[in-house]
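Here is a friendly briefing to read alongside the structure. Please have the sequence and the 3D view open as you go.

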Amino acid sequence: MQRRSFLAGSVAMMGMGTAQAAPSGMIVPAEDVKHACTFMQWPVSRDAYPGRGQLRKTQATIAEIANTIADFEPVIMLADAQYHEAIRSQLSSKVELWNVPTDDLWCRDSGPLFLSNGRGKLAVSHIQFNGWGDRASYQHDGRVAERVADRLGLDLIPSGLRGEPGGVEQDGHGLLIAHASSWVNPNRNPGLSQAEIGQRLCRAYGADRIVWSDGVAGQDVTDYHIDGLARFTKRNEVLINLPQRPKRSDDFHMAALDTYDALVAAGIKVNEIADPQRTRVKRWDFVAAYVNYYVCNGGVLASHFGDPGTDQAAANALARHYPGREVVMLNTDALGKLGGGIHCATQQMPAT
């Protein structure tokens, strides 16, 4: 993983509008600032879920996540109006339904990325979702962010990038981390150098520095999103999931260790938690990432995977890093089978 630092710059991408910097004083805040609400998306795509049982199980998991978050803060579920009657019976009365058509559940990637000036002004920083490098062809998800911005009456500020916010972590104080495999990739940003992409990401987030590492391209649909490996818990401090017994034959294990080294070399404080040794799901491609958690008002939602020792250690670590918040561990195996987790399914809107 090549980790380098870049100052923000301005460039344009054909067909995506002119890249613009975040308005002066506006940033994408850290996830642990106070939220106005959480956005989520209801999965309905028959292409993504050809089996009726898989779709039902996934919908039930999304409903449980939404209902749990709703005990801490408002939740807005995005879905085409034709599904609202069927969805309503699965959701808490504290979850609001909006008529914004969706295909799949990955709101972290296709939902609105909010900028804030900390004094009541919001905007949406637009990174164009293209189905993880055109691996998935969706009718609606590529327009979710702009439709939410329109409904809220917020400016939509083009970044000149294709990609997913799940591929970036920010500490809310000017620092980003990312895997190059998710961005410096012809399936998302052909013709742009790593330096140019770093400049655009900094402008999109209102940041001034990005630390890169290589990641892993072509072995999962996201090209190894950073939010499945390392997350900021506070300014310049990261919590990272690492294998207990790394295998040199495993590209993800080696990339994780490379990311660890790059973060330390960049002067970032790195705290480790161990991957589970035993999981309920035995598939080789099952994603069991404790750090794919979500921080909401007064709570932290994370996944448990069936390894009592590491499940408890992860819960304890989150309680230490987020004191004063209730840690809730959920069974999200349905999402792990799809390659994601709770963080991937959520997107926060900062409070004004």
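A disulfide here is a pair of cysteine sulfur atoms within 2.5 Å. Keep that cut-off in mind for the cysteines below. The model you are looking at is predicted. Its chain has 9 helices and 16 strands. The radius of gyration is 19 Å, close to the 20 Å that the globule rule gives for 352 residues, so the chain is as compact as a globular protein of that length.

**The chain as a whole**

- Taken along the principal axes, the box filled by the C-alpha atoms is roughly 50 × 50 × 40 Å.
- Of the 352 residues in the chain, 59% are buried.
- If you look at contacts between residues at least 6 apart in sequence, 76% of them join residues at least 24 apart.

**Cysteines**

- How many disulfides does the structure hold? The count is 0.
- Cys296 has 0% relative accessibility, so it counts as buried.
- Cys202 likewise counts as buried, because its relative accessibility is 0%.

- Ala204 is part of helix α6, which covers residues 194–205.
- Is Ala204 buried or exposed? Ala204 has a relative accessible area of 1%, so it is buried.
- Setting aside neighbours within four places in sequence, the contacts of Ala204 are Val28, Leu115, Ser125 and Ser159.
- Val124 is 80 residues from Ala204 in sequence, while their C-alpha atoms are 9.4 Å apart in space.
- Ala36 sits in strand β1, made up of residues 35–41.
- With 31% relative accessibility, Ala36 counts as partly exposed.
- Beyond neighbours within four places in sequence, Ala36 is in contact with Pro74, Met349, Pro350 and Ala351.
- Ala36 and Leu192 are 156 residues apart in sequence, and from C-alpha to C-alpha they are 35 Å apart.

**Two aspartates with positive phi**

- Asp134 is not a glycine, although its phi is positive, at about 60°.
- You will find Asp134 in helix α4, residues 131–134.
- Asp134 counts as exposed, because its relative accessibility is 61% and the cut-off for exposed is over 50%.
- Asp223 also has a positive phi of about 60° without being a glycine.
- Where does Asp223 lie? Asp223 belongs to the loop that runs between β9 (209–213) and β10 (230–234).
- The relative accessible area of Asp223 is 0%, so this residue is buried.

**Loop residues on either side of β12**

- Gly267 is in the loop between α7 (251–265) and β12.
- At 46% relative accessibility, Gly267 is classed as partly exposed.
- Along the chain, Gly267 and Glu237 are 30 residues apart, and 9.3 Å separates their C-alpha atoms.
- Pro276 lies in the loop between β12 (269–274) and β13 (294–296).
- Pro276 has a relative accessibility of 13%, so it counts as buried, the cut-off being under 20%.
- Which residues does Pro276 touch, not counting those up to four places away in sequence? They are Ala288, Tyr290, Phe305, Asp307 and Thr310.
- Pro276 and Thr102 are 174 residues apart along the chain, with 33 Å between their C-alpha atoms.

How values were computed:
Residues are numbered from 1 along each chain as its sequence is written. This is a predicted model: local features need pLDDT of at least 70, side-chain atom pairs count only at pLDDT 80 or more; totals for chains, interfaces and linings use all residues. Side-chain values use heavy atoms; hydrogens and water are left out. Helices (H or I, at least four residues) and strands (E, at least two) are DSSP runs, numbered from the N terminus. The radius of gyration is taken over C-alpha atoms; the globule rule is 2.2 Å times the number of residues to the power 0.38. Buried means under 20% relative accessible area, exposed over 50%, partly exposed in between (1.4 Å probe, protein chains only). Contact means heavy atoms within 4.5 Å.
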